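User: I would like to learn how to read a few features of a fold, with the general idea given before each case. Could we go through them one at a time?

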Amino acid sequence: MRIRVINPNTTAAMTAVIEECAKSVAAPGVLIEGITPSMGPASIESHYDEALAVPGLLAEIAAGEAAGVDGYVIACFGDPGLDAARELARGPVIGIAEAAMYAASHLGRSFSVVTTLARTAGRAHDLAERYGMQRFCAGVHACEIPVLELEDPKARRVIADACRDAVHADNSDAIVLGCAGMADLCEYLTEEVGVPVVDGVAAATLTVQSLVTMGLRKSGRGEFAAPLPKRYVGLLTGFGIDEQEDRA
């Protein structure tokens, strides 16, 4: 089984952290490939960043399909390009916000999301609504650390304090980490805060693994059928779908 864990930003160091976290939960014999797109923003912290991350992400999905990859994880908490990726792929595509929220809903009556910058909190609320997680999501809290500064050793303590404050403010039973760059902090944060802390990279990896193990793949009909053959121009010339391609 081959699972590609795609970091939609172009920071290779973050991809390495994400890949290790995915590998730590994968079953023996499952090949995990951490992927950094060749184009896109260095980090994703706005709607603008998210929109411009999607072409690079989709290029990697297309490359994975040509290589026979079984399933994909989109390793950004905004779940950018998820619907488009599901149109393009044959196997399951899971976003880390989606997977983390569902996992946390099994661990208690409520969870709090702790994310990076406050400007991204609205996106987390939108995703909770989309995934039917509103009744579980007690609040979204920001630690105000930019994504590319998460590797700073001082960030661990700030994130732990934000998680502790979120549990106290929301009376929540679990924490969902709102950034793939926090994926390696789960064990530390669980010990510090005293409630389950869910990393979406691990949750999404195991979800893809389970679906593939069960022999399940994407439905080839309706909204998530393969994209219609179409010509694209300009910078998107290479994204056109050939009439002879069969991605059903």
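User: Which residues are buried in H8?

Analyst: A word on the basis comes before the answer. This is a predicted model, in which local features need pLDDT of at least 70 and side-chain atom pairs count only at pLDDT 80 or more, while totals for chains, interfaces and linings use all residues. Residues are numbered from 1 along each chain as its sequence is written, and side-chain values use heavy atoms, with hydrogens and water left out. Buried means under 20% relative accessible area, exposed over 50%, and partly exposed in between, with a 1.4 Å probe and protein chains only; helices (H or I, at least four residues) and strands (E, at least two) are DSSP runs numbered from the N terminus. In H8, the buried residues are Gly200, Val201, Ala202, Ala203, Ala204, Thr205, Val208, Gln209 and Val212.

User: Why does the length of H8 agree with what a helix should span?

Analyst: The expected span of a helix is 1.5 Å times one less than its number of residues. Because H8 (residues 200-213) has 14 residues, it should span 20 Å, and its end C-alpha atoms, 19 Å apart, agree with this. At the start of H8, a side-chain oxygen of Asp199 comes to within 2.9 Å of the backbone nitrogen of Val201, and just after the helix Gly215 adopts a positive phi of about 75 degrees.

User: Which residues touch the most other members of the largest nonpolar core?

Analyst: In soluble globular proteins, nonpolar side chains tend to be buried together. A nonpolar core is a set of buried Ala, Val, Leu, Ile, Met, Phe, Trp, Tyr and Cys residues joined through side-chain atoms within 4.5 Å. Here the largest such core has 78 residues, of which Phe111, Ile159, Ile175, Leu189 and Val201 touch the most other members. Helix H6 (residues 153-170) gives the most to this core, namely seven residues. With contact taken as heavy atoms within 4.5 Å, and residues up to four places away in sequence not counted, Ile175 touches a set of residues including Cys163, Ala166 and Val167.

User: Where do Glu144 and Asn171 lie, and are they buried or exposed?

Analyst: Glu144 lies in the loop between strand E6 (137-142) and H6, and has a positive phi of about 60 degrees although it is not a glycine; its relative accessibility is 48%, so Glu144 counts as partly exposed. Asn171, in the loop between H6 and strand E7 (174-177), has a positive phi of about 55 degrees and is likewise not a glycine; with a relative accessible area of 65%, Asn171 is exposed.

Terms used
A polar contact is a pair of N or O atoms within 3.5 Å; within protein, one must be able to donate a hydrogen and the other to accept it, and residues adjacent in sequence count only if both atoms are side-chain atoms.
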